[in-house]
Structure formats: C-alpha cells, structure tokens
Amino acid sequence: MDLKALHKKHVLTPWVAQGPLDPPVVVRGEGVWLWDQEGRRYLDLSSGLVAVNLGHGHPRLVQAIAEQAATLAYAAPSLFHDKRALLAEALSRLAPWPEGARVFFTPSGTEANEDAIKFVRHLTGRFKVLSAYRSFHGATHASATLTGENRRWPAEPGVPGVVHFFAPYPYRSPFYTEDPKEEVRRALEHLERVLLHEDPKRVAAIFLEPVVGSNGVIVYPEGYLEGVRALCDRHGILLVFDEVMTGFGRVGAAFAAERFGVVPDMITFAKGVTSAYVPLGGVLVREGLARAFDETPLPTGHTYAGHPLAVAAGLAALRAYQEEGLFERARRMEPFFREALSALLAHPWVGEVRGMGAFFGVELVRDRESKEPLSPWHAPFSPPMQALLKALLAEGVYLLAKHNLLVVAPPLTIREEEFREGVERLGRALRRVEAEVVS
C-alpha cells in the first residue's frame, strides 16, 4: 500500500498548499527520534509542534492512557471524575497564585484562548481585548482574530472587539532602537497610547505569549512584562498569558510566569500538559476570579472538557516532569543549548540565535547587514528555505519552520550528544543549500 499517496489523496495538511507536499510517512517514535515507513530515522528537534516535551513513547504516559482506557474511556463533563480532580489540583499547585486556581479544561490551546476571551469579558463587563501583532493564539474564530500575524487573515473580519499592538522585537525593532531599555520604554509608551485611544475602561484583558512562539521565539527585554502588568493594574485590566508553548518546562520552569516573576490573572495551556500524547488544553483562573462562577453559570463548555484519557495522560506527565526533574533540567541545559546553537552563527545565513530554556529560534537572513529575511514574511517559503527543509529531512532532522525562522525546541529529555548531533546536521544542511544557491 502506498501510504504517502493515500495520505496525499485524502488528508488536508494545515497551513500549506497541498500539491508540493512530500514529507516522510512517520510510523513510530521513541525518545527524541521518529522512524518512517522505510526505516529512516529523524531527530525530532522541535518536539513536533513544540509539544512532545517528554519525548516519544514515554512508558509512564503509555501505561496511564492504557489503564484509563480500560477503566473509563469517557465521562460527561457535568459529572465529576477522579483524574480530572487530581490533575486540576496538581495544576493549581503549579500555578503562580498563592490563593490557588481553578481549571477549565478544553480539548486544545485554541479553545482555551476562545474560552479565556469569554471569561475576561464576563468577569469585567468590558468587551475589548488586546493582543500583539507578532503572536499566534489559535486557528478557531476568536483565537484566530486574537492572533496578530497572517494566519488570522482567513478568519477576517473575525470577532469584534480585538485590537492589536506592537510589542518588542529587539532584532527587528518596531520602535527604531538598538537599546533594549529604550525598546521597552517605547513599547510600553506605545501600548499605553493604544489603550488611551481605545478607552482603558472598555478593555477587559491583554493577551500575551510571555515568550513569542512561532513568530520569532522572542524573549522580551527585561522590564517589558513587568510594565504590561503595571499598566493592567493601573487600568483594572486582566492579564492573560498564553502559555500553550511555554508551559510545562519549555522555558525552564513550570510556567514562564514563574521564570519571569510576573503574575498574570489567567494562564491558557495545552501541548506539554500531556506531552501531546492526547489532546488537552485549559484555562487556569486565579481563585479570586474563579469564585465569581460559584453563583453565576460558567459561560462555556465542551463535550471533551477534561476527557478521561487526556487528564490521565496529563496527570502522568506532571508526575514524570516532577520526578525526573525536567523543569529544572531545561534551565540547567539552557547555557549548553545556547552555546551549541551559537556555532551556527559562523554561517552567513544565520542572523541571530535567541531563546531560553529548551526553546530557541534561529533566524535566517540573506544578508546580515540588511537583515533581509531568507524567506519573506507573510509569504510562502522561498526556494532556499524550501531547499533547506528538504536538506534537513535528508540529514535525518525534523525542524518546525515559520517563514525565515527555525524553531529549535527538543524534548526536555534530549541528551547533550543527541542535541550536538542535531546541530551538526543542521549546519551541514545549511552549508549544502548555500553551496547550491551560490553555484
């Protein structure tokens, strides 16, 4: 059976034109490796879509899912369920609020952001929400509108009440400065100006990825998140951190809120909560806000909210993270990841390497002086970028790419020698494609 032809004939693949597609057919995963139907091995250097934080085939999760399937495969969300309760309690302990938190479970990250919009509007009585232009919050209607980049365009005109603003991006400053402190000052001044034009008394919340994900892997300069928190406090606006990518050890802590010491009012999560073994997302709501729903009906719901297989996998994943010390390991490994990736700066196409924890971006440019992207923003991959992705697969490396960015976010379980091997293969692919372009 030609599985590749079958897949291409019957499956629609997200975000890309279907005609040119020719990826491998992956049939097995173990640790940081994937195997295709022909037995070729690929290093998963992006944890799938920055999601498989525990690597593939972790025995604790496999066992938990199997046991739950044999015990109770589904329970309506209107019923209480043992694993739901235990996972929610564990997440509340991880949350950054001394008062604790409650969890609304969703099937995915995009639905978590959809529901967080409903929550902030319900709790504040205000309608407008703000988010950054360089952001991705999901592909369903409201979260697509919340998204700042070109993946929101198919959803337009979108839901009303969403306003975008520019946030810091030191490598390509929208505020025309190379000084990080000045970048922060100008960015906060810009955000406050946007708020004043929108009337802060009409703004329910500001949504932010505390580290920008697929739109750059941008770590905001020191002081920016603190400044946004202060603006929210001044105007009675709720702050929501979208931690769908940054949660569960990715940046060297349970949540980026903990790593940065900036406390939001809600956290949306998904991906790493189950290491992507079963779809699960949710909204963590600090207790002071959540208790408002004790007397008022919760304004949302899903058939698969807190699905038993998903919460069982989430509970097993949390235990694995904590017992194997993986939140702390990502932070300890950060200098090694940075040092290994910095070797790529010897290549003329590598404009910058940036990130934290086990979450790094490699930005590719045609020219370092002009910073012209190797692949245009808001356009399909350029021929050199297409050739690079093909060369990476030939080298046995899977990497998530967005325009001119490579997202290097391996499973938290990766060994140093495996990571170095992946970087060496990436370097070889870069040199091979550059040689083809130059010749």
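**A guided reading of a predicted protein model**

The protein has 14 helices and 16 strands; helices (H or I, at least four residues) and strands (E, at least two) are DSSP runs, numbered from the N terminus. This is a predicted model, in which local features need pLDDT of at least 70 and side-chain atom pairs count only at pLDDT 80 or more, while totals for chains, interfaces and linings use all residues. Residues are numbered from 1 along each chain as its sequence is written, and side-chain values use heavy atoms, with hydrogens and water left out.

The predictor's confidence in each residue is given by pLDDT, from 0 to 100. The mean pLDDT of the protein is 96, and 100% of its residues reach 70 or more. Confidence is lowest in α1, at a mean of 92, and highest in strand β8 (residues 238-242), at 99.

As for overall form, the C-alpha trace spans about 70 × 60 × 45 Å along its principal axes. A compact globule with 439 residues would have a radius of gyration near 22 Å, and the value of 21 Å for the protein agrees with this. This radius is taken over C-alpha atoms, and the globule rule is 2.2 Å times the number of residues to the power 0.38. Of the 439 residues, 57% are buried. Buried means under 20% relative accessible area, exposed over 50%, and partly exposed in between (1.4 Å probe, protein chains only).

We turn next to a sheet. Strands of a sheet pair through backbone hydrogen bonds, either parallel or antiparallel. Here, 4 strands form an open sheet in the order β1-β2-β3-β14, with mixed pairing. Its edge strands, β1 (26-30) and β14 (397-398), each pair on one side only. Two strands are said to pair if DSSP finds at least two bridges between them.

Strands β1 and β2 run antiparallel and are joined by 4 bridges, with Glu 30 opposite Trp 33 in β2. Their hairpin has 2 residues between the strands, and Gly 31 takes a positive phi near 65°. On the other pairing, β2 (residues 33-36) meets β3 (residues 41-44) in the antiparallel sense over 3 bridges. Trp 33 stands opposite Leu 43, and Leu 34 opposite Tyr 42. This second hairpin has 4 residues between its strands, and Gly 39 in the turn has a positive phi of about 90°.

In a regular strand the side chains alternate between the two faces of the sheet. In β2, Trp 33 and Trp 35 point one way, Leu 34 and Asp 36 point the other way, and all are buried.

A search of the whole structure finds 35 salt bridges, each being a side-chain nitrogen of Lys or Arg within 4 Å of a carboxyl oxygen of Asp or Glu. In one of them, the closest N and O atoms of Glu 89 and Arg 93 are 3.5 Å apart. These residues are separated by about one helical turn because they lie 4 residues apart in helix α4 (residues 82-94). Glu 89 is partly exposed at 44% relative accessibility, whereas Arg 93 is exposed at 59%.

Another salt bridge joins Glu 287 to Arg 102, with the closest N and O atoms 2.8 Å apart. This pair links distant parts of the chain, since Glu 287 in helix α10 (residues 287-290) and Arg 102 in strand β4 (residues 101-106) are 185 residues apart. Glu 287 counts as buried, at 15% relative accessibility.
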